[in-house]
Amino acid sequence: MPSSASAADTAEETDPTTRATYRAVLDAVVPATPELADDLGPEHEPGGLDIGMAEYLLAVTNSIFSMYDAPRFVVEATVHQEVDVAGKAEVKVHQEVATEQDPEFNARLAETVAKICDAAAAELLARGDNEDQPDPTRFDAGGTFASLSRPDRLRALSLLDDREVETTRLPGGARESTAALVPQLLVAFTEGIYYSEWEGYDDIRQPPSEREFGATVDGERLQSWRQTDFPGIIAGSNSFRGYWGTPDASLGEGRIWKAFAGDGDGAPPRIYYDQGEFTDNDYDTGGYEEPFDTSGDPPEDGGPVSGEAGVKRPEDAVEDAREGVDDDLLDRARTDLLGQEVQR
Amino acid sequence: MSHVDHDVVIVGAGGDGPVAAWRLGHLGLDVLLLEAGPFYGNEKWEKPTEEPGAETSSDPADLSGALLDEQFTTRELEMIFKLIFGPADHERGFWLRKFPQSGITIQAAGVGGTTLIYTGNHPRAYPAAIDEQPHWPDTFSYEDLLPYYRRMEDLLDVQPAPVTAKEELFFQGAEAQGYDLIDDKNVTDVGYRPQPNAIRGPDEKLRVERRGDGQLAETYDGNYRHPSDPDAVDPVEGHTLATTEITGNPHPLGAPYEEKAKRTSAIGVVPKAMETGNVTIRPNAFVTDVLVDRSLGGNPEATGVEYRDTWSGDKESVSAEAVVLAAGTIETPRLWLNSGLPRNDWVGKGMTIHFGDNVMGFWEEDVLEERVGKPTADPQEGQTIAARFDYPGVGMLQTTGSYAGVAALLGFGASASGFTFTNDPTEAPWDTIGRLAGPKLKRFLSRYREALPVLVVTDDRPHERNGVSVAPGIEDEHGPIPQVNYVPSTGDIQRRDELAETATEILKDAGADHVHRSDSPATAIHIHSTMAMGKVVDTACEAYDVDRLFVADHSALANGVGGPNPTNTGQSLALRTAERIADRYFDCLSDPIGSS
Ligand SMILES: Cc1cc2nc3c(=O)[nH]c(=O)nc-3n(C[C@H](O)[C@H](O)[C@H](O)COP(=O)(O)OP(=O)(O)OC[C@H]3O[C@@H](n4cnc5c(N)ncnc54)[C@H](O)[C@@H]3O)c2cc1C
């Protein structure tokens, strides 16, 4: 698992502002919710911060992609505290090549991601789209993003979806199309990990064969499992009903477990005890019709996933990436952030 | 550099590569199967993600169900990090692919490839997708695949999937919408059916008793282990009805390697390949170059490959009479492009991904009680994907069970239309659309057991703009990394919307009180047609521009086969390709499964 010891070490080296940003993300995506406790029960109150998941999210960001032959590096992640009204976060990049060269390493992305969040927050404030007053004391050492209320933090991330954040002054000029990945990853990963078995490991950084896992912590089932009523990792379940079929079909045979009225034109369906089988039927495709457009053109507006890459042949997209400063995290991490070519 | 000679070298031991290896080995050819990822469940690699272990394995006695049980814990987070495409070494992250829109490709590394995490659904293509859509060569038809489908279905025990509460719910909705049950293998009409799954059916002991008054009783009291396990209590065979397909499903625990219920290519095919005595598997070997002889005039001829050991970084090359690319739909074109093989405008192009989406229904407990006799739908129970809806020309739908982490990820984590609060679905058939976070997310997830997600799988068509290229200057240890581009057409979007609406109607007619649509960003789980037959390879799947170089993975499919899960078709075509190789270059094709 990419939560390697090395990634963990560097996570500990991460500056306090970046760490605060991760706490702020977690706190917005899976918050503590006393209001749900009233409705659904006390087990629904605690959120991601209560199980201490923020550091792990950060470590995952720093170890999700492999990077070969990369020098170790550390980026100081201070975003200028005074956000200027034009909405452009001032960013100071500080480079430090570590003494040790690790031949196998992973791309270190947490600082970049955190800065993109700060830029988004700055943009939200500059537009006056925040609903609540920012409060710099929400998280120790927090930057702009961490100063926002929970709903405003989600609003800031959503500006990244719309590619409406000026990010050209971020390290490596993190461009819009990359920035749009940030909410996808941050939100999806946070949710996926929170609702997984994560809390049950003693130390997830251990090699898989030495990892200790339990379905309870301090005698209670894992927090997210209590909140979803998920029964835990099961070896099986006593849930077999039978096989779907109809008296006319080759599927379903033998005793009937349950019969239905059925609203289709065919015979009413049943759940049978035995399987039956599919029929290796003759077929005729003569009547095939295309219900929808087959021209291959994308919609005028580019459609749902076009983004700024637009309609391009793969080569053009590559050209774009090459000229276009960055929109590649690995490349950026290597050359732009470091200002150096990797020696191989 | 060492130098080894083989009749055939195959690049990639994923879904399809082992099928070709099995058939070629069976025909008496000496085959080397190179795989970038580790070999799980093999005694030569007791800790496959922690230490390099041995080099090769060719003896089926090396296979160990007990090791697989240890390694495939079915814990979601652990297994996803273990299996997603990346180096064996657990300290290293995934191999990076560039996807400029916010899309992702999901593939796995290791012997078995992406079938290690697949859900075992093995329908055939829609016949019309091959015979009526314009993408396949005229000299190839659905009928050519039939004998190979039959052989693969037989080998992998493909059979109708069982019904648990979640399938019963979906089928009720489909019936209420007026659709009929399909019992065909060759599907030309709209309707619903149980999935044909490459998964052995559950043990009779796991049956829920339904008493005369409709009351249900769950009486099984064992530990779901296999009869050959000394610790088994009330042992069972076949699928144990825990939705662990995506997390590696090694059940039943305690079963010998070959008796695992889910027939991944590692379980269902690799042992057969090894039993031929002619197949050697070399994991942790990432092929970086296809070697060719250009001295012959005319087309260059493939002569072997170069690979890099993912633990030591050492490079080796091997020579062979024929080379088969089966590295999957992203890495096969990447390898071609990075090997400097002759330019062919369609290498990497025309990619289809079944442009997917996720539509999730939520039920009130009393409605469930009335419909399925208990207050929960229980997405953690049953085979992961066991019910489907077919719609030739448009695509398909399938119910998707899962544990809670994957449910959150699939259903709520990512969306092409931003957060729910940025969308107004008043006019739409679904009640909410977009990414969910915050208190709303927790509220929805508190209903995890009363929910049923349906996966939308679109018959998207090949467009030249979509596909894989390499990004020069952006390299990892294996050369320039793949860059993936995907922009659906108007028709693709219409098909997907149509399917999402159909799913919503089915769920509502099944009694769901709330339907949520994710509007997922391009999430490529079924990937095809990046080295398409008729464009890059001929009907024997040999490259037009390089002799003795074949493609035997989903890249060679000329389109997305209409929407059905593609592995049955990919494997059947690979089986056929093996016969074509044996016939064309080795003159050893005896007892052909199909005609040429
Ligand atoms: C979550 C999920 C569920 C799915 N469920 C289903 C399903 O139910 N039914 C279905 O039909 N399909 C399903 N699929 C899709 C199915 O798994 C794939 O279509 C199928 O595995 C593709 O087979 P393949 O041989 O083309 O590629 P893969 O299975 O991806 O195999 C390629 C192999 O090559 C190796 N490799 C790559 N590059 C190199 C290199 N350079 N050198 C050496 N080795 C290399 C890889 O490590 C891998 O093992 C699912 C996919 C996902 C992600």
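Burial is described here by relative accessible area, with buried meaning under 20%, exposed over 50% and partly exposed in between (1.4 Å probe, protein chains only). The structure is a predicted model, in which local features need pLDDT of at least 70 and side-chain atom pairs count only at pLDDT 80 or more, whereas totals for chains, interfaces and linings use all residues. Residues are numbered from 1 along each chain as its sequence is written, chains are lettered from A and ligands numbered from 1 in the order in which they are written, and side-chain values use heavy atoms, with hydrogens and water left out.

Aromatic contacts are considered first. Rings of Phe, Tyr and Trp (its six-membered ring) are paired if their centres lie within 6.5 Å, and planes under 30 degrees apart count as stacked, over 60 as edge-to-face and the rest as tilted. Over all chains, the structure holds 31 aromatic pairs. A tilted pair is formed by A:Tyr201 and A:Phe213, with 5.0 Å from centre to centre and 55 degrees between the planes. These two residues, 12 residues apart, both lie in the loop between helix H8 (181-194) and strand E7 (216-217) of chain A, where helices (H or I, at least four residues) and strands (E, at least two) are DSSP runs numbered from the N terminus. A:Tyr201 counts as buried because its relative accessibility is 8%, whereas A:Phe213, at 25% relative accessibility, counts as partly exposed. In chain B, a stacked pair is formed by B:Phe362 and B:Phe412, with 6.4 Å centre to centre and 25 degrees between the planes. This pair links distant parts of the chain, 50 residues apart, with B:Phe362 in strand E13 (residues 357-362) and B:Phe412 in helix H11 (residues 404-413) of chain B. B:Phe362 is buried at 1% relative accessibility, and B:Phe412 is buried at 2%. Ring pairs also link A:Tyr201, A:Phe213, A:Trp225, A:Phe230, B:Tyr403 and B:Tyr448 into a cluster.

Charged contacts were examined next. With a salt bridge taken as a side-chain nitrogen of Lys or Arg within 4 Å of a carboxyl oxygen of Asp or Glu, 52 salt bridges are found over all chains in a search of the whole structure. One of them joins B:Arg548 to B:Glu321, whose closest N and O atoms are 3.8 Å apart. Here the partners are 227 residues apart, B:Arg548 being placed in the loop between strand E21 (523-524) and strand E22 (549-551) and B:Glu321 in strand E12 (residues 315-325) of chain B. B:Arg548 counts as buried at 17% relative accessibility, while B:Glu321 counts as partly exposed at 41%.

A further salt bridge is made by the side chains of B:Arg449 and B:Asp378, at 2.7 Å from N to O. Because B:Arg449 lies in the loop between helix H12 (439-445) and strand E17 (451-458), and B:Asp378 in the loop between H10 and strand E14 (387-391) of chain B, the pair ties together parts that are 71 residues apart in sequence. Both B:Arg449 and B:Asp378 are buried, and they belong to a network of salt bridges that also links A:Asp229, B:Lys374 and B:Glu381. The side chains of B:Asp390 and B:Arg388 likewise meet in a salt bridge, at 2.6 Å from N to O; B:Asp390 is buried at 0% relative accessibility, and B:Arg388 is buried at 0% relative accessibility.
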